[in-house]
Amino acid sequence: MSHPVIAIGALGGTIAMSAEGTGAVKPELGADDLVAAVPALADIATIRATTIANVASPAIVPGNIIDALSFARKAVDDGAAGVVLTHGTDTLEESAFLLDLLWDREEPLVLTGAMRSPNLPGADGPANLLAAIVTAASEDARGMGVLVVLDDTVHLARLVSKTHSTGVWTFQSSGWGPVGRVAERRLRMMLAPVRRFSPLPAPDAEPIRIPLIESPFADEGDWIPAIMTMAPPALVVAASGVGHLSEPVADRCEKLVADGLPVVMASRTGSGTTLERSYGYPGSEQDLIRRGVIPAGFLTARKVRLLLHVLLRSGATIDAIRAEVADRGF
């Protein structure tokens, strides 16, 4: 019986780290090393392994993601039934969402990683890689967009977040839950999104210069003039609750909108949606929307920042940005 071809693209992260003399770990293992550590992969798929990059999460840049997108597209064009990317977990949710905005194939594109490096007892990298390969090889994962698989759970890239700094169960789709689980080397896909969004044009491999600021308790917004000296193309504010800011910050954001800057507010709670018509005091979500601030809906601040970047680099107008954020944020 022939197995499906699955392409693995390694980008680095804890799953690819090994210890040096001090015991500290750093990325050293390539794609072939990761595959060699899991002989059971040969029972599931014919693996084509490539090292795209070998860096820790904080060192991932848009160019790495564009390279990964090109790798995945070519792998599918060359006959792969699915693609798995290994990645550091610290920024995995952002890379997965950025790829989800751009992925234009029916074949599964799956991201995985590890919370424990290979030198630690209970290292989770091999099990996560196996579960990711099982998912990528499954017909049930087709047409689902980009998926994140760790700890035997399968999540949509648009919903998943890293919720704990060390737990192997850290990736959660808070408020929604996983769409599938892997057990006994078999994918049980239980849920599917009502619809997928059209892929957006891939931006060039350039820096993302949209600031993301969390507005804290008793915020006077004194940071806004300093941020504006950077001449950003847009601003994302992580607001309290369902999208609330202090009145001084609301006043400053209104001025930015009047000057033509797209300003988006997302909930800083980590799950749930911004509202639109529940609170009416100065700085409430209803007041902010009246002033021209765009609510992110269910998109987190980190994810709507990436959506803004892709839209702005494609030349989208402010009206198109409002419509796209409303659509993708529900």
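About 180 Å³ of space lies in the largest cavity of this predicted model, one of three cavities of 30 Å³ or more that the structure holds. A cavity is here a set of points, on a 1 Å grid over the protein atoms alone, where a 1.4 Å probe fits but cannot get out, and lining residues have an atom within 4 Å of a point. Grid points are joined across faces, edges and corners, and the volume is the space filled by probe spheres set on the points. Sixteen residues line the largest cavity, and Asp 100, Arg 158, Arg 196, Phe 197 and Arg 328 lie nearest its centre. Helix α3 (residues 92-102) supplies the largest share of this lining, three residues.

The model is predicted, with local features requiring pLDDT of at least 70 and side-chain atom pairs counting only at pLDDT 80 or more, while totals for chains, interfaces and linings use all residues. Residues are numbered from 1 along each chain as its sequence is written, and side-chain values use heavy atoms, with hydrogens and water left out.

Helices (H or I, at least four residues) and strands (E, at least two) are DSSP runs, numbered from the N terminus. Of the 11 residues of α3, 11 are buried, so the helix is largely enclosed by the rest of the structure. Buried means under 20% relative accessible area, exposed means over 50%, and partly exposed lies in between (1.4 Å probe, protein chains only). The buried residues of α3 include Glu 93, Glu 94 and Asp 100 as well as Leu 99 and Leu 102.

A nonpolar core is a set of buried Ala, Val, Leu, Ile, Met, Phe, Trp, Tyr and Cys residues joined through side-chain atoms within 4.5 Å. The largest such core has 52 residues, and those with the most contacts inside it are Val 83, Leu 85, Leu 99, Leu 102, Leu 109, Val 146 and Leu 307. Helix α2 (residues 62-77) gives this core its largest share, eight residues. Apart from this core lies another, of 34 residues, among them Ile 15, Ala 31, Val 110 and Ile 133. In soluble globular proteins, nonpolar side chains tend to be buried together.

Contact means heavy atoms within 4.5 Å. With neighbours within four places in sequence left aside, Leu 102 is in contact with residues including Ile 66, Leu 69, Arg 73, Pro 199 and Val 310.

**The eight-stranded sheet**

Eight strands form an open sheet in the order β4-β1-β5-β6-β7-β8-β11-β12, with mixed pairing. Two strands pair if DSSP finds at least two bridges between them. The edge strands, β4 (46-55) and β12 (186-189), each pair on one side only. Neighbouring strands of this sheet are turned by 25° against each other on average, direction ignored. Axes are lines fitted to C-alpha atoms, for helices over the stretch in contact, and angles run from 0 to 180 degrees between N-to-C directions.

From strand β6 (residues 109-112), Leu 109 and Leu 111 point one way and Val 110 and Thr 112 the other, and all are buried. In a regular strand the side chains alternate between the two faces of the sheet.

**The four-stranded sheet**

A second topic is the open sheet of order β13-β14-β15-β16, in which four strands pair in parallel. Strands β13 (212-214) and β16 (294-295) stand at its edges with a single partner strand each, so one side of each is left without a neighbour in the sheet. Helix α8 (residues 301-313) packs on this sheet and touches β13, β14 and β15, its direction making about 165° with that of β14.

| Strands | Sense | Bridges |
|---|---|---|
| β5 (residues 82-86) and β6 | parallel | four |
| β8 (residues 153-156) and β11 (residues 180-183) | antiparallel | two |
| β14 (residues 235-239) and β15 (residues 263-267) | parallel | five |

**Individual residues**

Leu 308 is found in helix α8 and is buried, with a relative accessible area of 0%. Its contacts, leaving aside neighbours within four places in sequence, are Ile 210, Ala 234, Val 236, Val 264 and Ile 321. The C-alpha atoms of Leu 308 and Ala 234 are separated by 7.6 Å, although these residues are 74 residues apart along the chain.

Asp 287 lies in helix α7 (residues 285-290) and is likewise buried, with a relative accessible area of 8%.

Arg 185, in the loop between β11 and β12, has a positive phi of about 60° although it is not a glycine. Arg 185 is partly exposed, at 47% relative accessible area. Ala 218 lies in the loop between β13 and α5 (223-228), and its phi is also positive, near 60°. Ala 218 counts as exposed, at 59% relative accessibility.

Conventions
On a 1 Å grid over the protein atoms alone, a cavity is a set of points where a 1.4 Å probe fits but cannot get out, and a pocket is an open set with protein on both sides within 12 Å along at least five of seven lines; lining residues have an atom within 4 Å of a point.
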